[in-house]
Each structure stands twice: as C-alpha cells, then as structure tokens.
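Dear colleague,

Please find below the structure that I am handing over to you. My findings follow directly after it, arranged by topic.

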Amino acid sequence: MNEEIKVLMVGGRRCGKTSVLASIFQQMTHDDRLSNYLTISDATVAEEKGGERKEGLNDKINELKQMLRQKRHDNSSVFLVDKNPTNTYWDYKLRLSLPKKEESVCINFRDSAGEYFVKSSTNSSSTEAYMRECDIFVVVVDTPYLMEANDEVCDNVNRIDDITNFIKNNVNTADGKDAKMVIYVPIKCEKWYNENHIDAVNEKIKMAYSSQIDYLRGQKHMLVGIIPMLTIGNIEFVELKEAFVHINGHTGKETRCCKVGSKNVRMEDGTLVPLGEMDVVNEDAHAVVNNIKRPYSWYRVKNDHFAPVNCDQLPLRIISFVLIKYKKLKKENATWIERFFDRNTLLKPLFEKYNNYLGRINPNELSDVVAALKKDNIWKNQGVDGIFFY
Ligand SMILES: Nc1nc2c(ncn2[C@@H]2O[C@H](COP(=O)(O)OP(=O)(O)OP(=O)(O)O)[C@@H](O)[C@H]2O)c(=O)[nH]1
Ligand SMILES: [Mg+2]
C-alpha cells in the first residue's frame, strides 16, 4: 500500500499558512521546467466538516491574485490584508510521479487554524496526537512581525512559545530510530528579498526560534532548514502601524485604519480620508490578543505579476528527504540482516515505512530525477534565495 508522507503546517493565527500552501501547489503544478522531470497533480479530495466546506487552494490563489489586480492602477496605496480564516483542519494532497509512469508519491499537507497551536485550545490534544505521526513540520513565520515588531508582539503573532512547547513535547526521532524534518518558512518577505537582505531574515529566525532549533538539532536524524518563500511575489511590506477603527459619523460604518498625522486616517483599502467632525477613531479592540496590542502590517503592490519564489523547493526537499532516508535504511537493514541471518530488526518496520512512501517508484530513477533537477538549478542549493540547511 502506498502510504502518504505526512506534513503539518504550523504557525500563528492568520500568518499565511493556507496561502503559502496554495502557492506551493500552484508553483508545483504550473511549472513547465519541473513538468519535464515529474508529473505533478493536486490529488486533494473535496470534504465537509461540521457544516463547513474545505476551502479550495484555487480559491486562495484567486484571493491572492485579486489583491494584485485591485491595486494595479495605484501603486502608491498602502493597504491591509486579512481574509478567509481557517476554522478547522484540512488535508491537501500533492501527487508526484515519474513521467509516463503510474507509480506515485503522495505528500499530505495538513493545514489547520492558527488557534490549534494555542496551549489552552480545545483542539490541542488532537493536534498533538497528529504531530506524533508526522514526519515533516513546516513552521510558517510572519516576517514583518519577526523583523519589525518587538519580541513580545512577534511572539504573540507567531506563537513562538506555544509552538516551541508543542514541538518539544511531540517532535522527536526516538534517539535516532526515526527521522524527521522541520522547515522554517518565513513569508511576506518580499521587502527583504528585493533589498538583498534575506540573510537578515534567516539570522532573525535563528535567534527568535533558537530554543526550538537547539532542541531539534540535539536530536539524531533531525533535518532542520529555512526556506524563505514569496507567496505572492509583488506585495511588499511597508510598515507596522498602531491599529485603529474609523467610525463614520454619518453612517456608523466601522473600518480598520491607521492615523496619518492628526487630521487624516488611512483606511484598510489604502484610501486616505480626512477626518470629518462627526467621525470617531478608536483603538481597535480586535488587535488586542492575550492582552498584547498588535500593530497592523501594511502592504503595497510593486507590480501586478503573481510571482511566487521558492514555493517549489519544499516538496522537492521532502522527496529527497524520503529518498535519502530510504536508501540509508536499506543499507543499514542489509547489514543487520547479514548479521542476524535475516531476522526482523528494529529498523525493518521503519524501512518498510519509507519504502511505502515511495509507492513502488523506482528509487534509482527518482534519484536520477533529483540529480537532474540539481544540475539544471531547478533545485536550489544552500545559500541561493535564502535557502539554508543546518
Ligand atoms: N501581503 C501578503 N499577504 C498575505 C500573504 N500570504 C497571505 N496573505 C494574507 O494574509 C491573510 C491570512 O492568510 P491565510 O493564508 O488565510 O492565513 P492562515 O495562517 O491560513 O490563517 P488561519 O488559518 O486563519 O490561521 C490573508 O488575507 C491573505 O491574503 C503574503 O505573502 N503577503
Ligand atoms: Mg488557514
């Protein structure tokens, strides 16, 4: 039976987990260069849970593209983003096979709501149970708050402490008897990428997440890396500003905004509005989470091209991780078998697990494909576009 490679998306509420997943699927299934080497399809099944329908990743891509289109004629406007929260968990499946071959590998990405990683959340025990089954964790990081907010706000938005607890309690390789991979994915980092400062983002991740990274690196057979991703490509962070709500004195309509001087506010869609006599501007109560007041992060469109970067690198690294693991276990298993006259060994079940992941794909052929992707620079090496592996 072909077993799925289980990946869990982890991160703070509204930090962009579903969006980055949508861009990963988009880049994997629409890349002409990649399709010369691998046949890739979205094998996600439609689902309903508790009366809610699974959000299609295509809908999310359209939401992201819409942001680019809306602002096309006004590059100067600076606006807020926050749409379509996830309220439960959903599985999205990416299927990869060698061209003209039936056998395939399936990567199951589980996307959950940011609230799942809060200690007190009602879903925390089911999240923990699933974490123990997972092989790969993707920690999505909201970069503007990482780079520009103080430590308290950054932790509040990115849930660093909560995620550290979840990881320390549930992610281990049983003294090297298993192997796992944890990838940090800073997103919304167009500004730093375009200014050639992506290394500064990586350095900040190493610092802010040092407690969990140190723990992970202390585990045998734990692969830890950073893959910065541009989910959209041309929506660039501008500034963090204190969060306010504008209440229109005539209509009573409430709109998120920030203050611009003493006489104007900038509304969430980017329009600059002079304050009317009857208008009221209050601090935004929704921006206070666990007694910490978060500023809003404001963005602008550089140009209207949807241009994700590095989103394809994660699935490629996942495939190679499984391949390396399979080959290593095969070798270790062989020596065990020789030594113990083919008796069942500790490593045998693990070998079978990795063997099943490959779903009867010929590992040598898949290795050749990975080598070719590296040769053609489709696979990015250490240091390229901020890719970093310990
Ligand atoms: N500027 C910018 N906005 C983004 C990016 N990715 C996501 N967003 C926006 O950020 C908001 C939150 O994104 P989601 O992908 O829904 O975040 P999430 O982590 O899945 O949220 P929950 O599942 O509700 O915790 C949405 O309004 C997105 O359009 C990005 O790369 N740049
Ligand atoms: Mg989501």
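In this predicted model, five strands make up an open sheet with antiparallel pairing, in the order β15-β14-β13-β12-β16. Its edges are held by β15 (272-274) and β16 (280-283); each has a single partner strand, so one side of each is left without a neighbour in the sheet. From one strand to the next, the twist averages 45°.

Strand β12 runs antiparallel to β13 (residues 254-260), and four bridges join the two. The pair forms a hairpin with six residues between the strands, and G252 in the turn has a positive phi of about 80°.

Which residues of β12 lie on its covered face, and which on its uncovered one? F244 and H246 belong to the covered face, whereas V245 and I247 belong to the uncovered one. In a regular strand the side chains alternate between the two faces of the sheet.

Twelve residues in sequence separate S262 from P274, and their C-alpha atoms are 9.4 Å apart in space.

The other sheet to report is an open one of eight strands with mixed pairing, ordered β2-β6-β7-β1-β8-β9-β10-β20. At its edges stand β2 (39-42) and β20 (388-389), each with a single partner strand, so one side of each is left without a neighbour in the sheet. Strands β1 (residues 5-11) and β8 (residues 136-142) run parallel and are joined by five bridges; in this pair, L8 stands opposite F137 of β8. Helix α8 (residues 198-208) packs on the sheet, where it touches β8, β9 (180-187), β10 (222-226) and β20. The direction of α8 makes about 125° with that of β9. Helix α9 (residues 210-217) lies across β9 and β10 and runs at about 145° to β10.

As for the domains, the protein chain is divided into domain 1 (5-235 + 314-324) and domain 2 (236-301). Their C-alpha centres lie 29 Å apart. Domain 1 gives 22 residues to the contact and domain 2 gives 20 residues. Which elements supply at least two residues each to the side of domain 1 that touches domain 2? They are β5 (78-79), α4 (143-148), α5 (151-158) and α7 (190-194). The largest share of that side, four residues, comes from α5. By residue class, the side of domain 1 that touches domain 2 divides into eleven nonpolar, five polar and six charged residues.

A174, in the loop between α6 (160-170) and β9, has a phi near 45°, a positive value in a residue other than glycine. A174 counts as exposed because it has 12 C-beta neighbours inside 10 Å, where the class requires 12 or fewer. N377 likewise has a positive phi, about 60°, although it is not a glycine. N377 lies in the loop between α12 (363-375) and β20, and with 10 C-beta neighbours inside 10 Å it counts as exposed.

Yours sincerely

Methods. Residues are numbered from 1 along each chain as its sequence is written. Chains are lettered from A and ligands numbered from 1 in the order in which they are written. This is a predicted model: local features need pLDDT of at least 70, side-chain atom pairs count only at pLDDT 80 or more; totals for chains, interfaces and linings use all residues. Two strands pair if DSSP finds at least two bridges between them. Axes are lines fitted to C-alpha atoms, for helices over the stretch in contact, and angles run from 0 to 180 degrees between N-to-C directions. Two residues are in contact if their C-beta atoms, placed from the backbone, lie within 7 Å. Domain bounds come from an automatic or database domain assignment. Ala, Val, Leu, Ile, Met, Phe, Trp, Tyr, Cys and Pro count as nonpolar, Asp, Glu, Lys and Arg as charged, and the others, Gly among them, as polar. A residue is buried if 20 or more other C-beta atoms lie within 10 Å of its own, exposed if 12 or fewer, and partly exposed in between; C-beta atoms are placed from the backbone.
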